[in-house]
Amino acid sequence: MRVCASPSAVAVKRGAPAPFALPRFRSPLIFGLFVLLFGLLAGRALYLQWIDNAFLQEQGSSRYSREIEVPAHRGRIVDRAGEPLAISTPVKSIWAFPAKIEATPSQLAELARLLETSPRALAKKLDEGDFVYLAKQVPPEIANRIAALRIKGINDQNEYRRFYPGGETMSHIVGFTGDHDVGQEGMELAQQEWLGGRPGSRRVIINRRGDAVEDVEAIRAPQAGRDLALAIDTRLQYLAFRELKAAIDANKAKAGGLVILDVHSGEILALANLPTYNPNARNRVARESMRNRALTDVFEPGSTLKPFTIAAALQSGRVRPDTVIQTAPGSLTIGPNTIHDAHPNGALTVEQVIQKSSNVGAAKIALGLPPEVMWEVLSDAGFGAPPKTGFPGEVGGRLRPAKGWKPIDQATMSYGHGISVNLVQLARAYTVFATGGELKPVTLFKVSGPVSGRPVLRLETALAVRRMLEMAVQPGGTAPKAQVPGYRVAGKTGTAHKLEGRGYTNRFVSSFVGFAPASNPRLVIAVMIDEPTAGSHYGGDVAAPVFSTVTGAALRMLGVPTDSPVDNMILPPAGGEIGEET
Amino acid sequence: MLRVNLLLLAVLVACGLSLVTSRHQARTLFVELEREQTKARGYEIEFGQLQLEQSTWAMPARVEKIAREQLKMTLPLPGRVEMVPGGGAR
């Protein structure tokens, strides 16, 4: 204390009344510091309020609002009458974190009962890992009852499952969806954009219990999938499927297809393929049976192509229906190759060439035509280009350019060899004869009203060929079995050797394409049977009866008036020979 | 002056209360709307399921099987069909 010689001590001695005098700069310093700090706080507050406000806003809103998803389901696929062919319905999948499960034995027993399994199997499943699916795609009622057990560690999630009421009869056209409701085959794939819904989301204010109490904003409007109406008629489809299946079984065939087209609109009313699969249970289905053969596979059509050769010849004016062609002795040699008729005929008129299906006759008529003329008719009838049905993976077959044709090519092409087509293309080409010269566009989608086609033949040419096609199904023709009681029909058989590698085999594709009623055609029906092995392989024996049954039933179902007495069918005596082509 | 102020105060209180009530009403209605919408979605789903069920029962294959086996029905022979001209046929 004695060394207390500080300035303050001096000040005291001077008698000033301030025993704790402060340095003069101290209060402004403190004041300044406070101002600075307040300034900093104010600045920070302003910064958070106006500039960097995203984080706090988000934190704030997360305490009273929430973004919730608005579900959007996938559109239905329906047939032309509105019958559902594919419907999505919500299901739930149940999953668990085994490590987190807290449950009493009675709860687990109840869970096992709801999952339709034994408590032991359930326990085993829960031992399997960190995360297990207990059940996929269970009905919502069951899932709600599981949720009501309130077992910790067991959760569910919403999913959609697609059902196909048409099952195996429709599977090739409709296709199916895979995981996450995305189309994988058929129309489901081709029309994914149209059918697929996009879930939306919106922000709502929630209360203490987490229930939404007020709408704040719609973030993304949900976009529900749209319904898709196909041209298919469920009843005709089933009919086609049933008859095709019966024929394939009866003929011990490998595969087959059947197409029904509406003549006026070009709509595909039925398209059946075998083998097929059930889209509702498609574990272990072979890729083979998933193919829509009628659109994605080609074959050599055989004699079903002859009417186009004849049409080209009539159109060019080089022959008339009654022009006589000498087909004796039933074979024709062109260079090193020889063409045969299955049943040799003598002199035939052009009409009879179709009726008897003479290869030699067709070849002779074709050889009298410039290749370009024949090519043009075939190309105009839609051969060599995909039919543009809107189906994924459809093919166009092969029609070589006329420039490269040698006489033998032209001759074989006249009766449908050396050219490949698919069944829908073939059926569509026949609309030329059914409409009176117009090629109709084909579609798998429902259209309203008649559709205008592209003119290919003159009316009189088309009608002349139609008359020949009617002769072909009458006694003396190749396909009396195609006749239908009560209706006049017209059509052509085809029996083609299958091409394998570089040569033809002794396996066959039997086909029949025709339309009815012949007086005012309404339907074009094409039948194709691949490799019939039970007895006859001729189109007139194998495919024509299918055409007859399907046509008769389909016309009656559609209420088409008859154009002939019901006793119009005259079949040749049993065991009688049917003149056929190769 | 005081009276005007009191009046304004009363108006203010009234406005405030009406705001609270309308807010509350809006929320109640919203909750109700929400509930109805959930119900509507439920019905839509149920409709889909019923459609599915209906078309499963009405599958041509099933109808035909029952007609043939239980009801012993057959297709009429061509000779036994009488066509009525005109009529309902299109």
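Residues are numbered from 1 along each chain as its sequence is written, while chains are lettered from A and ligands numbered from 1 in the order in which they are written. Because the model is predicted, local features need a pLDDT of at least 70 and side-chain atom pairs count only at pLDDT 80 or more, whereas totals for chains, interfaces and linings use all residues.

**Confidence**

A word on the score: pLDDT is the predictor's confidence in each residue, from 0 to 100. Chain A averages 84, and 94% of its residues score at least 70. For chain B the mean is 85, with 89% of residues at 70 or more. The complex receives an ipTM of 0.75 and a pTM of 0.79 from the predictor.

Within chain A, the element with the lowest mean pLDDT is helix α1 (residues 7-13), at 48, and the element with the highest is β19(A), at 94. Over residues 8-12 of chain A the pLDDT is below 50, and beyond near neighbours in sequence this stretch has five contacts in the model. A contact here means that the C-beta atoms of two residues, placed from the backbone, lie within 7 Å. Residues 574-582 of chain A also stay under 50, and the model has 27 contacts for them beyond four places in sequence. Where pLDDT is low, the predicted coordinates should not be read in detail.

**Overall form of chain A**

Chain A has 22 helices and 19 strands. These are DSSP runs numbered from the N terminus, with helices (H or I) of at least four residues and strands (E) of at least two. Along the principal axes, the C-alpha atoms of chain A fill a box of roughly 155 × 60 × 45 Å. The radius of gyration of chain A is 40 Å, whereas a compact globule of 582 residues would have one near 25 Å. That radius is taken over C-alpha atoms, and the globule rule is 2.2 Å times the number of residues to the power 0.38.

| Helix pair | Axis separation | Crossing angle |
|---|---|---|
| α13(A) (306-315) and α20(A) (459-472) | within 10 Å | roughly 140° |
| α10(A) (234-250) and α22(A) (544-557) | within 10 Å | roughly 160° |
| α13(A) and α15(A) (359-367) | 9 Å | about 35° |

Angles under 35 degrees count as roughly parallel, over 145 as roughly antiparallel, 65 to 115 as roughly perpendicular and the rest as oblique. α13(A) and α20(A) are therefore oblique to each other, and α10(A) and α22(A) are therefore roughly antiparallel.

Handedness can be read too: a crossing is left-handed if the near helix is turned anticlockwise from the far one by less than a right angle, and right-handed if clockwise. α13(A) passes α20(A) in a right-handed crossing, but passes α15(A) in a left-handed one.

Where α13(A) meets α20(A), the residues include I310(A) and L314(A) on one side and V465(A) and M468(A) on the other. The residues of this contact divide into eight nonpolar, two polar and no charged. Here Ala, Val, Leu, Ile, Met, Phe, Trp, Tyr, Cys and Pro count as nonpolar, Asp, Glu, Lys and Arg as charged, and the others, Gly among them, as polar. I310(A) is also among the α13(A) residues that meet α15(A), where the partners are A362(A), I365(A) and A366(A).

The crossing of α10(A) and α22(A) is right-handed. R235(A) and E243(A) are among the α10(A) residues in this contact, whose residues divide into 10 nonpolar, one polar and two charged.

**Where the chains meet**

In the interface, 23 residues of chain B are in contact with 21 residues of chain A. On the chain B side, α1 (2-57) and α2 (60-69) each supply at least two residues, and α1(B) gives the most, with 12. This side of chain B divides into 13 nonpolar, seven polar and three charged residues.

**Backbone details worth a look**

Most residues other than glycine have a negative phi, and most peptide bonds are trans. The bond from L274(A) to P275(A) is cis, with omega near 0°, and P275(A) lies in the loop between β10 (268-274) and α11 (287-290) of chain A. Another cis bond joins A516(A) and P517(A), with omega about -15°; P517(A) sits in the loop between β18 (503-516) and β19 (523-530) of chain A. E116(A), which is not a glycine, has a positive phi of about 55°.

Terms used
Axes are lines fitted to C-alpha atoms, for helices over the stretch in contact, and angles run from 0 to 180 degrees between N-to-C directions.
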